[in-house]
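Dear colleague,

I am handing over the structure below, and after it you will find my notes on what turned up. Please read them with the sequence open beside you.

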Amino acid sequence: MNAPVTSFDAVSVAVLPPVARFNLRIAPADLAVASRIFGLTLPAKIGEGARNGDRAAYCIGPDEWLLHAAEVDQSAIMSGFDTARAETPHSITVLSDREIIIGITGPAAIDLLSTCCPLDLSRMAVGHAKRTVFDYAQVVLIRDGDDAFRLEVWRSFFPHVHGLLEIGVRELAIGL
Amino acid sequence: MTDFRVEGRGRVNRAKPVSFTFDGETYRGFEGDTVASALLANGVHLMGRSFKYHRPRGVVTAGSDEPNALVGTTRGKGRFEPNTRATIQEIYPGLTTESQNKWPSLKFDLGAINDRLYMLFSAGFYYKTFMWPRSFWDSVYEPLIRKAAGLGKAPTEVDPDHYASRYLHCDVLVIGSGPSGIAAALTAGRAGSKVVLVDETAEMGGTLLSEPSVSIDGRPAWDWLAGAMAELDAMPNVRRMTRTTATGYYHQNMIGMVQKLTDHMGDVPEGAPRERMWRVRAKEVVLAQGAIERPMVFDGNDCPGVMLAGAAQTFLNRFGVLVGKQPVVLTSHDSAWYSAFDMADAGAKVVAIVDTRESVPQALQNDARARGIPIHLGHTATATKGRLRVAALRINPVHNGKVGAEKMLSCDAVLVCGGWTPSLHLFSHTKGSLDWDAEAKAYLPGHKTEDVHIAGAGRGLWGIAAALEDGTKAGADAVRSLGGSAGAATFEVADDRTGSGITQKELPTDRSPGKAKAFVDFQNDVTAKDIRLAVREGMKSIEHVKRYTTNGMATDQGKLSNMNGLTIAADALGKEAPQVGLTTFRPPYTPTTFGAFAGYHKGAHFEVTRKTPIDDWAEENGAEYEPVALWRRAWYFPQAGEDMHKAVARECKATRESVGIFDASTLGKIEVSGPDATEFMNRMYTNPWTKLGVGRARYGLLLGEDGFIRDDGVIGRMRDDLFHVTTTTGGAARVLNMMEDYLQTEWPDLRVWLTSTTEEWATIALNGPNARKLLQPFVEGADISADAMPHMSVVECTVAGFPSRLFRISFTGELGFEINVPARHGRVLWEKLWDAGQQYDICPYGTETMHVLRAEKGFIIVGQDTDGTVTPEDAGIGWAIGKKKIDFVGKRSLDRPDIVAKGRKQLVGLLTDDPKTVLTEGAQIVADPNQPKPMKMIGHVTSSYWSEVLGRSIAMALVEGGFDRMDDRLHIPTETGGTVTAKVTGTQFYDPAGERLKVE
């Protein structure tokens, strides 16, 4: 997908290319197994993230992880989990097409997100992820840096969320 | 035009004159003026007409509590706003304002005839006058009341402005920037807390802006204020916000605040938001809202020129405007004496200070005499003279309860002070209790339900030193609650104006109190007499008095009128005020625009509109849409000249004769996965799942605990431990939530996990005898022949090269497939099928055709043919219940006596005697159309369509004991007064044997 970018000095909003995305549900006791298959130590605490190259994992529930990987690795990852299923029960679901990713970067990134997200984002650590809402849409928010966030939103809610972000970018550019 | 501006006074920018208009006339003020201060500087007091009696009214206050000076403002095309408070609206070059509630002009208003008829318009007037005859209500009374009701003109154009929203988090939110608020903010800010300080006006300082003669820490008040502001601005952890009103205090320290961004600007940046709604989550809140001055209640107290003494002091010191050159001060509180002194020192000839108290501190009396101001202690005010502007005040001495001889005091303003009311509106929103202070005759904050601190005049304290000290304490308390500690701060205050006073009911008079127009609520034109009448007529609670008289209603929300009204009602009842109660303050604190509440939710963002990956194609091909839950779905695809009926008939025919293509992407999809998936499915759904083979699909029925149908959908078994569950479009989120609820609270031991895949897949349905022929060439990795892939099965394969879960199922009765592919490929696959389908005259169809085709087969739509009171047996789908199952959600309810009783409403078919007549969905059904009215309704039509394939209408209906009425004739009354007769049948109208599924 081409990446339309709405950008002003303070903040820019870009549609990012798709990734292989998985929802992993597994008992926390079995986390080591999942880490081995995925090739990345999965974080154990809700909100925490881990990242290595194009592999990333975010703990977003007591037994729930959001996994990212390169698209070409999708089927290999699924096969890896498939092999382990009999021994170690879990659920892994491909969601590469469910969400669209929006990148929000710039000094006013938190201000922009605060137009519609009720969380105190200043308290969110870099590298962490949260499942929250943006206006009426459920989203997952990932903080990549002090001024850099990614927002994952279900495909059909994307126009609503993206449109609101664009309104917010223009509002911040006016500076009132 | 006289100039009432005083040299050397006020904070307006004399270097920047500003012209604006009021009722077409141009006036000059300065940058920093409000409409009210600028008009007063030009000698204009008359700013409006009252609501009920159309009495001339002038400005009463200098702030957001203003009841009278409500004007219409125009900020350009579509930007008219009624009821803007002239005391809040700042002037800018080109601002256009107008007075309200007058015709033909403000000075001569024909509506003032109501004032002459005031004896007719007493409390409860509407209830008494508009009772009889009953037939007059709809045609005469209601339109009349509606026409007369409301103040100002409602805007008629769409608001072109933008409104913004923002969430904000802080440690300490300080509301109000008077001395106590500033002290609290300084204390918390210095301690390192994240502080937000807000004020509703354009400038911070509150009382300090009206009291420049006080000195703090050896500096004049305004120098100290500037220093405090500079210190706050230098702290990175403090944010100051002006023109920002905290309008509502909600649960767990969530405060709604509205910030006016552009209403004060002549030159508004293109696209700038007009206002922003801040939703603040504060760990601690300091309420430093001060106190509201009380008017005095006496005959003629609403004459323009009669205003609050504190307001006059503010207009003088903050805006440099004398509200009159010969004012009389009428008071029962020391504070107004200082107003008199400031007026005198600024050059006004203060006619007299009239105090209802017999004893007043000697120092004040000495200060008054030193200025040559005559003093009348122990006096009452009994009338004013003047209509468009006060010309004289009539006063009388009161001794031992006896009102003595009158004395007329000529004047051009009457400055009143009936005491001060702590502003408790926001505290009251928290449902904190209010305690009655019998000595101060005021309600003060009592038990707190939130993490809130009240400081200064808001809790009855008086004087700047006390306010600073209390604000410091509140700030330190807030910091301490956060686990920190605040350094001590003390302030040296000199020339502080401390004082006290009394409050009272309507002032005693030597004339008939029944004839006095002594206003309690200026905005709603409620007089003392109205309140006493309400009590006489049986209103014993203040809540009833309020509703009977309208005292304290509308935008006032009791700011000026509540305590005076309560005092008078209590007196009339012979009780203490707390026994009569206090009306509830409700958000918003001040009038708030709808735009601020709506925020970004307008136009395309009014509500989420979910669209499928194939939606664009439908739009390009002329689809009409219908909303289904949050989705918009293609409803039908009209061709040139077709109406809905013709388009749907064509789509139905094409699908049954060859092949139709349908976007089913909105169907909810849930991945149920894990070793206990089968057990979980057995417990959730009525159907048995244990023996369903991998690669097979089954219709699943979901009940609530009550045994009534909640949802349904086809469920495919992908693996032993994996089910692909589909739900209705509107039920997707609800079903997932219900499943998670049971899983987490009832069966946490089950090893099964749920994931929504609704939007992972785009789903395309192909239906019709040529469906397989069209699909087959695209499929790799699966044999979809009739033998290899029977009806109700599922296979993983590729379709047009895309990974797919391919179902053979049918919601039409025809050979049918549903192809799930990753969402991004949905439109590409659709177009490939569309192109290849041309050889079969493929027809895209929408939800209406889908509804007709399923109704011809008697398939139900949950929520249309069911309404939350329908069991599987009622709907004729008892076969979907696994009879041997030990349990499933709703099972036990199916044995309840009322569920198994005879005569329940059951889903049946209806065929009208006239095959051309299509019944109206929702129409009621009777057994005998000739029975006397009111007739007994025995059911209603749930689904009704024209069936092209049958060449006649069909309908489904829920009818009492319907299964026992087969072949009976029932009657359906129509809107036009006739009745339609229909025969009760089964619900399978077309191909009941299911032969059409068996296409080779």
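Across the interface of chain A and chain B there are 22 residue pairs in polar contact, both residues at pLDDT 80 or more, where a polar contact is a pair of N or O atoms within 3.5 Å and, within protein, one atom must be able to donate a hydrogen and the other to accept it, residues adjacent in sequence counting only if both atoms are side-chain atoms. Strand S3 (20-26), strand S7 (90-94) and helix H4 (158-174) of chain A are the elements that give two or more residues to the side of chain A that touches chain B, and H4(A) gives the most, with eight residues; helices (H or I, at least four residues) and strands (E, at least two) are DSSP runs, numbered from the N terminus. That side of chain A divides into 19 nonpolar, 11 polar and 12 charged residues, with Ala, Val, Leu, Ile, Met, Phe, Trp, Tyr, Cys and Pro counted as nonpolar, Asp, Glu, Lys and Arg as charged, and the others, Gly among them, as polar.

Please keep in mind that this is a predicted model, in which local features need pLDDT of at least 70 and side-chain atom pairs count only at pLDDT 80 or more, while totals for chains, interfaces and linings use all residues. Residues are numbered from 1 along each chain as its sequence is written, chains are lettered from A and ligands numbered from 1 in the order in which they are written, and side-chain values use heavy atoms, with hydrogens and water left out.

The contact between the chains (heavy atoms within 4.5 Å) takes 42 residues from chain A and 43 residues from chain B. About 3,600 Å² is buried between chain A and chain B, and carbon and sulfur atoms give 57% of that area; buried area is the accessible area (1.4 Å probe) that two parts lose on being put together, summed over both. In chain A, the residues that lose the most area to chain B are A:Asp97, A:Ser156 and A:Leu176, together 18% of what that side buries. Six salt bridges are counted between the two chains, a salt bridge being a side-chain nitrogen of Lys or Arg within 4 Å of a carboxyl oxygen of Asp or Glu, and A:Glu171 forms a salt bridge with B:Arg276, with the closest N and O atoms 2.8 Å apart.

Within chain A, the domain assignment, which is automatic or from a database, gives domain 1 (7-16 + 98-173) and domain 2 (20-94), and their C-alpha centres lie 24 Å apart. Here 11 residues of domain 1 are in contact with 10 residues of domain 2, and the two domains bury about 950 Å² between them, 43% of it on carbon and sulfur atoms. Four salt bridges are counted between these domains, and the side chains of A:Arg21 and A:Glu152 meet in a salt bridge at 3.0 Å, N to O.

In chain B, three strands form an open sheet in the order S11-S10-S30, with antiparallel pairing, two strands being paired if DSSP finds at least two bridges between them. Strand S11 (219-220) and strand S30 (493-494) of chain B each have a single partner strand and stand at the edges, so one side of each is left without a neighbour in the sheet. Two bridges join strand S10 (residues 215-216) of chain B to S30(B), and B:Ser215 stands opposite B:Ala494.

Best regards
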